[in-house]
Amino acid sequence: MKLSQFNYKLPEERIAQYPTPYRDDCRLMVIHAKTGIIEHREQFSDILEFFDEKDVFVFNDTKVFPARLYGNKEKTGARIEVFLLRELNEKLRLWDVLVDPARKIRIGNKLYFGEDDSMVAEVIDNTTSRGRTLRFLYDGDHEEFKQALFSLGEAPLPKEIIHRAAEPEDMENFQCIYAQKEGAVTAPGSGLHFSRQLLKRLEIKGVDFAYVTMHCGLGNFREIDVEDLTKHKMDSEEMHVEQLACDIVNNAKANGHRICAVGTTVQRVLETAVSADGRLKPFDGWTNRFIFPPYDFQLADAMVANFYLPQSTMLMLTCAYGGYDRVMRAYKEALSDKRYRFGVYGDAMLILND
């Protein structure tokens, strides 16, 4: 398929700038893939109706850290945005980062952070046109350093909503309530709809939970610059699947229960770690799996998704799972209904494939 097939006109005002007051208050569109029927539900919590005892929800338990911070360049005082990607060396305080504007930052430059310039970093390498390696000059132990660094940062909201100023509550809102393992620079958005109350109600109903980890990177949001999707390469992301999650998923699958993947990151994890015989196996490493139509999914019987932006890799994976024509027709319906909101803070979609 071609990049242009995933383009559609999305008015800017349809992109949610804030989440709903309660996580499970967003709207829910339900696609029954076998029949083509589309339902419109006013509450995400209605998802309860579609699952039974011993069905399994698979969640991504990655935890977002405050990756966006602002510093000043030495001598000129120019304001520089630094987006932390990942720590490269704990002992040397080396971080892989993006800088903006990149043209102003060269090897050897120093950047100062905090009102009293309490944090200093030196540029030691150019990795891409925007990317740099920074060495932070800090004398305390590693935990103390991380706390000091993160105290300077703010929630790494996606570019479609950062034209508003970041607010203190963004860091809590842009985090799944079950987040445990720090390492993501963007939230697995489909998981943001689950409240503690909804999880408890699912638990009371007898639904089981399995947790996998993919530390979501910015590669999901990088613009695709090739029309032929077979030529696009995803950035690699760190992922982990433990034996407990495998046992929960495999036992449910063997006994005919439904497996629901919560979001595109979970789908990529499952499809990376599935064995030839259709069983989930432990995994500890990296993946750059790029899923677009046509694709034969092996594990998930259902999927929770958001309403993704045009030409995004998340939209492509959703179309691969729900069927290109069905999903794009659903998007057309969502656009014609002025109440649906798009983006990470927007409404949700449930695709039932069985």
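## Cysteines

A search of the whole structure, a predicted model, turns up zero disulfides. Cys26 shows why: its sulfur lies 12 Å from the closest cysteine sulfur, in Cys176, and that is too far for a bond. A disulfide needs the two sulfur atoms within 2.5 Å. Cys216 is in no disulfide either. For Cys216 the nearest cysteine sulfur is that of Cys176, at 8.2 Å.

Are these cysteines buried or exposed? Cys26 has a relative accessibility of 2%, so Cys26 counts as buried. Cys216 is also at 2% relative accessibility and therefore counts as buried.

## Nonpolar cores

The largest nonpolar core has 95 residues. Which members touch the most other members? They are Phe51, Phe57, Phe194 and Leu350. Helix H6 (residues 313-322) supplies the largest share of this core, with seven residues.

Neighbours within four places in sequence are set aside here. Phe51 is then in contact with Phe57, Val207, Ala302, Leu350 and Leu352, among others. Its partners also include Cys260 and the residues Lys205 and Arg258.

A second core is separate and holds 25 residues. Phe65, Phe83, Trp95 and Ala102 are among them. In soluble globular proteins, nonpolar side chains tend to be buried together.

## Aromatic pairs and cluster

The structure contains 26 aromatic pairs. Phe65 and Phe150 make a stacked pair, because their ring centres are 5.2 Å apart and their planes meet at 10°. Stacking requires planes under 30 degrees apart. This pair links distant parts of the chain, 85 residues apart. Phe65 sits in the loop between strand S4 (62-64) and strand S5 (68-73). Phe150 belongs to helix H1 (residues 142-151).

Both partners can be checked for burial. Phe65 has 4% relative accessibility, so Phe65 counts as buried. Phe150 has a relative accessible area of 13% and is therefore buried. The cut-off for buried is under 20%. Phe65 is also a member of the second core.

One aromatic cluster is formed by Phe44, Phe51, Phe57, Phe59, Tyr178, Phe194, Phe209 and Tyr211.

## Charges over rings

Where does the charged end of Arg27 sit? It lies over the ring of Tyr340, 4.2 Å from the ring centre. Arg79 places its charged end over the ring of Tyr70, at 4.1 Å from the centre.

Note on methods: Residues numbered from 1 in each chain as written. Predicted model: local features only at pLDDT ≥ 70, side-chain atom pairs only at ≥ 80, totals over all residues. Heavy atoms only, no water. Phe/Tyr/Trp six-rings, centres within 6.5 Å; stacked < 30°, edge-to-face > 60°. Helix = DSSP H or I, 4+ residues; strand = E, 2+ residues; numbered from the N terminus. Buried < 20%, exposed > 50% of the residue type's maximum accessible area, 1.4 Å probe, protein only. Lys NZ or Arg CZ within 6 Å of the ring centre and 35° of its normal. Core = buried A, V, L, I, M, F, W, Y, C linked by side-chain atoms within 4.5 Å. Contact = heavy atoms within 4.5 Å.
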